[in-house]
Amino acid sequence: MAELNSGNDSAAPASDRDSMTPIDSQETGRVLLAEGPWQPRGNVFVSPVSPDVLPGDPGCKPSPDFIRVIDTAARNIYDVKSMGDIEAIKKGYCDTGRTVDALDAAQNALKRTGDPYNSLFRGQKSVDLDALFQGRNHTIGVDFQIPGLDATTREPRKGPFVINEIIKGSPAEKAGLRAGDVISTVNGVSTSTVKYTGLREILDNPDRQPVNLGIMRDGQPRDITVTPEEMTVPAVSDTLLPGDIAYIKVEDFMQRDTVEEMRAAIEKYPQARGFVIDVRDNTGGLFDQGITSASLFVEDGRLLSISTRVASDPANPEYASTVYNLQRDRISVETGQGFFGKDVKTMPRYPDLVNKPTVVLVNGMTASAGEIFASSVQENGDAKVVGTRTYGKGIGQTVINGMPDGSKLRVTSFRYYSPHGNWFGNAHDERIGVKPDFEVENPDSALRLSGADAQLARGLAVLNQEIAQRHPNR
């Protein structure tokens, strides 16, 4: 599985044919992300310009730090043309002798690609990213639902936000927050002006600054102050619903042990007559976790295929096509790269634990690794998908360690396709997503698992119908 280490990994030589695959990321210090649009994107900076020395002046010296980031991005980014003239970019920044200035300028150059996923993680954000992969986060410990997508832009609407779940033992629980509370203000600012990402950054802050939340509960306003703490946040929660239906909610695939948590949840319910896997508002995470989680439900078949930019000369970019086929004892990873031929490797699979009726719940906020998982089980015939069309992010990113000052570089480096070859989209101007077998809208205010949860109700109806067909005499 993909791992992230502290080893350096600046622009790899073109001979490193496998440096972009999940299999080799343990050695190269890379990790493949299939994350959605709600993960931290870093800050946007304006390139600093010295009033005394300008590009083209005799005194303008190149910046090794700036060039290192730009070269690494150019060798790995999927659409290298989006960067523009690479040599002109490198000559367009004069070294100030300060690494922070070079990284500011590099961040600005990445911003100009037009892809918000191309960015640098610096300082505490770099440390936080490592912690996130391990399931550790500075948070108050709440899961709140996103108010849906704007009908025109299909971007997430602003608040207010309804709390779905309180993590046991969390600061939120200790402060008295409850599921169903509506967050109407944060630090005195109305959440009607706050995006999901903005609220998440306030509630999950490493500075542990107290957060004042104005909430509505049973029609009455309340003020509650809560301070984030570092805690291990589970990726999976579960319960047994009436009729012996196991309900498993997967918050995201960002943790390296998400598949292990899913396996444990499945094995808790040997008596289950069917399974509901809820990946609504699951915005993705680690590429390999989406794939291996699907192996818990699929016996054999294609899981997906990807087209990957291989670390190569930006003047002559090279690409590889990789197919992930699930076999009884492994995941076969077959990569073809032009005249270099094919290379076959394997990934460990998990046992196919579920041979019972299964429904996967999705919505417009299900993205990336969430879409990989949903399409893999759907198109292999192992589950029905219920909900609304998913977000439409068929692009993935590679995070590269070893950048100047301990920073990490994230660039869009691959596109992925469903088992039937369907592309999910580019997450901005071309978004296709996964089409559910049964399309059901949920009211914005509907809490998960509540009587108003129309998607769950339809999913249970689909499950019960299939159970009756399989066991007509029961």
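Trainee: Where do we start? How many helices and strands does the protein chain have?

Mentor: Begin with the inventory. The protein chain has eleven helices and 23 strands. Bear in mind that the model is predicted.

Trainee: What share of the 474 residues is buried?

Mentor: Buried residues make up 54% of them. Then look at contacts along the sequence. Of the contacts in the protein chain with a separation of 6 or more, 70% are between residues 24 or more positions apart.

Trainee: Now strands. Which strands pair with β22, and in which sense, parallel or antiparallel?

Mentor: Read a strand through its bridges. Strand β22 covers residues 408-417. Take its partners one by one:
- Strand β2, residues 119-121, pairs with β22 in the antiparallel sense over three bridges. L120 has L409 of β22 as its bridge partner.
- Strand β15, residues 301-310, is also antiparallel to β22, with four bridges. Here T308 stands opposite F414.
- Strand β21, residues 395-400, runs antiparallel to β22 and is joined to it by six bridges. V399 has R410 of β22 as its bridge partner.

Trainee: Is β22 mostly covered or mostly open?

Mentor: Mostly covered. Eight of the ten residues of β22 are buried.

Trainee: On to helices. How many residues of α10 are buried?

Mentor: Check burial residue by residue. Helix α10 spans residues 369-379, and eleven of its eleven residues are buried. Among them are A369, I372, F373 and V377, but also E371 and E379.

Trainee: What follows α10?

Mentor: G381 follows α10, and its phi is positive, near 75°.

Trainee: Take Q378 in α10. Why does Q378 count as buried?

Mentor: The cut-off for buried is under 20% relative accessible area. Q378 has 14%, so Q378 counts as buried. Then ask what packs against the residue. Leaving aside residues up to four places away in sequence, Q378 touches A383, V385, V434, K435, P436 and D437.

Trainee: Next, salt bridges. What is the general idea, and how many does a search of the whole structure find?

Mentor: Side chains of opposite charge can pair when their charged atoms come close. A search of the whole structure finds 19 salt bridges.

Trainee: Which residue forms a salt bridge with K268?

Mentor: D238 does, with the closest N and O atoms 2.7 Å apart. K268 lies in the loop between α8 and β13, and D238 lies in strand β11, so the pair ties together parts that are 30 residues apart in sequence. D238 is partly exposed, at 25% relative accessibility.

Trainee: What about a pair within one helix? Where do R263 and E267 lie?

Mentor: An α-helix has 3.6 residues a turn, so residues three or four places apart point the same way. R263 and E267 both lie in helix α8, four residues apart, about one turn of the helix. They form a salt bridge, and the closest N and O atoms are 3.2 Å apart. R263 is partly exposed, at 27% relative accessible area. E267 is partly exposed too, at 46%.

Trainee: And E299 with R328? What is the N to O distance?

Mentor: Their side chains meet in a salt bridge at 2.3 Å. The pair links distant parts of the chain, 29 residues apart. E299 sits in the loop between α9 and β15, and R328 in the loop between β16 and β17. E299 is partly exposed at 36%, whereas R328 is exposed at 64%.

Trainee: Which residues are linked in a network of salt bridges?

Mentor: D143, E165, E251 and R448 are linked in such a network.

Notes:
Residues numbered from 1 in each chain as written. Predicted model: local features only at pLDDT ≥ 70, side-chain atom pairs only at ≥ 80, totals over all residues. Heavy atoms only, no water. Buried < 20%, exposed > 50% of the residue type's maximum accessible area, 1.4 Å probe, protein only. Helix = DSSP H or I, 4+ residues; strand = E, 2+ residues; numbered from the N terminus. Pairing = 2+ DSSP bridges. Contact = heavy atoms within 4.5 Å. Salt bridge = Lys/Arg side-chain N within 4 Å of Asp/Glu carboxyl O.
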